[in-house]
Amino acid sequence: MLPDEGRYVGVAWEMMRSGDWLTPTLNGLPYFHKPPLFYWITAASMSMFGPGDWAARAAPLIGAWAGAMAVFMFVRRWWDEQAAKLALVALLAQPLFYLGGQFANLDMLVAGCVTVTIVLLAHAALSAEAGAEHHLALISAYGAAAVGVLAKGLIGAVLPALVIGTWLLMRWRWRTLFRLLSLPGALLFLAVAAPWFIAMQLRFAGFLDYFFIEQHFRRFAAGGFNNVQPFGFFPAVLLVMTLPWLPWLRRQFARRRFTAPPRGDVRLLMLLWLAMIVLFFSLPKSKLVGYVLPAVPPLAVLLADGFEASRLHSQWATRGWWASVAATVVLSIVAIVALAVQPPRSTKEIGAVLRAQRFPNEPVYMLDNYYFDLPLYARLTAPVTVVLDWTDPGLRRRDTWRKELADAAVFAPQRGSAVLMTPDRLAFALCAAPVSWVVGPTSAARDLPFLVEGSAVTAVRGDTLWRVERARLRALASGPCAGTPNAG
């Protein structure tokens with residue numbers, strides 16, 4: 001699904017076929033919007049199982065599995081096994097979690113890391129308060145936070161610290177808060193998270209400023225990015241996605257529900273976890289549905305706990321619970337059917353044709369667009385040339401693929417000048433090779449009439465693949481190759 005799945009899997013494909021597992025690249029240019037963990041997992045999966053759609057979704061599947069098992073084991077330890085099973089059912093049946101676990105972008109991977117880190121920190125805190133061994137869980141939490149940083153940046157550590165810190169302060173557990181500060185844990189965190197960032201800064205001057213200042217702080221505070229949504233966007237998303245389950249939240253707001261032992265402390269953790277994640281991602285103007293995935297696990301625990309409370313007061317509660325499960329399963333199936341009947345925008349069909357008919361060393365050009373998934377489906381082993389007016393001063397004003405490629409070219413200007421071409425150079429480039437391939441909007445033929453002489457091989461949903469032969473272009477009296485020498 002373009003753009004997200006195509007973008008991130010495309011970067012992993014480049015990592016896999018180039019053999020450079022250190023520097024993520026987008027069309028051969030250093031791509032530093034996100035850290036490398038997703039690319040490492042995806043490239044490793046595609047190396048083992050082949051570059052297919054299932055292998056490309058290994059990272060979100062791992063993130064979903066890790067988050068679900070962490071919640072199950074935590075609830076089983078601090079409540080009981082029955083509550084853990086109910087929480088697991090409530091989590092896995094949520095359409096947002098179910099679909100997010102199959103969507104090839106970074107959101108579910110970092111949600112899994114955040115969930116594991118919060119659970120380990122909470123387990124360490126509760127164990128310390130109970131006088132039990134907690135150091136292994138604490139050090140493991142620091143390691144999980146480092147993995148989260150490699151998954152999507154600072155939020156891998158910031159969100160767990162925010163949730164656990166607020167939870168302990170609201171319980172007036174200052175001493176426990178200080179006991180969660182661990183020097184061995186900090187050293188493990190640095191050993192896991194720091195080397196890649198140091199290596200990139202040594203290789204590319206200005207990397208740290210771009211990654212942390214531009215992609216973290218400015219992105220969080222600025223309003224020039226895509227997907228601008230109102231403040232209440234995420235509460236509305238969770239409300240719609242959990243609509244069949246809302247009756248089970250009613251009893252969560254009874255008096256002393258969050259203070260009565262032994263479950264009160266964990267209930268308070270889940271409530272604050274849910275609230276802090278939603279609040280954190282509601283503050284910036286740019287919002288995507290996947291951002292709120294770390295809030296789904298605590299919501300599932302609260303739903304399961306609410307059902308258990310309702311079951312004590314109503315004989316119909318069990319039937320209602322399974323009705324909620326059935327309703328959300330139906331919603332997930334409807335979503336899958338809708339995606340199957342009306343496939344999302346992709347160049348998979350064009351990529352298959354290009355792979356079958358193109359010979360090695362025949363150049364590929366993309367017009368007015370970068371089709372993120374085309375290199376994967378066409379099995380391209382070298383960057384393509386993207387044709388656009390790269391001199392446009394407004395290119396970097398909006399968070400688009402154009403800005404991504406332009407930013408990437410700053411870190412490798414020589415490579416950037418080779419793969420980013422202005423339209424006035426396209427005709428001469430097509431005259432330089434016996435056969436070239438051009439993919440772009442079907443309407444591009446109106447502005448570039450010499451494409452009419454190129455054979456339109458296939459067209460899918462407004463995009464066309466042309467096979468352009470230099471000999472045919474030279475035969476045109478007014479063609480782009482007219483009057484040019486045949487050699488030299």
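The legends below describe an overview and several close-up views of one predicted model.

In this predicted model, local features need pLDDT of at least 70, side-chain atom pairs count only at pLDDT 80 or more, and totals for chains, interfaces and linings use all residues. Residues are numbered from 1 along each chain as its sequence is written, and side-chain values use heavy atoms, with hydrogens and water left out.

**Figure 1. Overview of the protein, with 22 helices and eight strands.** Helices (H or I, at least four residues) and strands (E, at least two) are DSSP runs, numbered from the N terminus. The C-alpha trace spans about 90 × 50 × 40 Å along its principal axes. Of the 488 residues, 54% count as buried; buried means under 20% relative accessible area, exposed over 50%, and partly exposed in between (1.4 Å probe, protein chains only). A contact means heavy atoms within 4.5 Å. Among contacts between residues at least 6 apart in sequence, 73% join residues at least 24 apart.

**Figure 2. Helix 1, residues 4–18.** The expected span of a helix is 1.5 Å times one less than its number of residues. For the 15 residues of helix 1 this gives 21 Å, and the end C-alpha atoms are 21 Å apart, so the two values agree. Helix 1 is mostly covered, with twelve of its 15 residues buried. Among them are Tyr-8, Trp-13 and Met-15. The cover over the buried residues of helix 1 includes strand 1 (25–26), helix 2 (37–49), helix 17 (374–377) and helix 18 (401–411). Just after helix 1, Gly-19 takes a positive phi of about 85 degrees.

**Figure 3. Helix 14, residues 296–311.** Helix 14 has 16 residues and reaches 22 Å from its first C-alpha to its last, close to the expected 22 Å. Of these 16 residues, 15 are buried, and helix 14 is thus mostly covered.

**Figure 4. The aromatic pair of Trp-248 and Phe-307.** Rings of Phe, Tyr and Trp (its six-membered ring) pair if their centres lie within 6.5 Å; planes under 30 degrees apart count as stacked, over 60 as edge-to-face and the rest as tilted. By this rule the protein has 24 aromatic pairs. Trp-248 and Phe-307 form an edge-to-face pair, with 5.4 Å from centre to centre and 90 degrees between the planes. Trp-248 lies in the loop between helix 12 (233–241) and helix 13 (264–282), and Phe-307 lies in helix 14, so the pair ties together parts that are 59 residues apart in sequence. Trp-248 counts as buried at 7% relative accessibility, and Phe-307 is buried at 1%.

**Figure 5. The aromatic pair of Tyr-370 and Phe-372.** This pair is edge-to-face, with 5.3 Å between the ring centres and 85 degrees between the planes. Tyr-370 and Phe-372 are both buried.

**Figure 6. A cluster of aromatic rings.** Ring pairs link Phe-32, Trp-196, Phe-197, Phe-204, Phe-207, Tyr-210, Phe-211, Phe-212 and Phe-411 into this cluster.

**Figure 7. Arg-402 in helix 18.** Arg-402 is partly exposed, with a relative accessible area of 29%. Not counting residues up to four places away in sequence, Arg-402 touches Asp-368, Leu-388, Trp-390 and Leu-395. Arg-402 and Tyr-370 are 32 residues apart in sequence and 8.1 Å apart in space, C-alpha to C-alpha.
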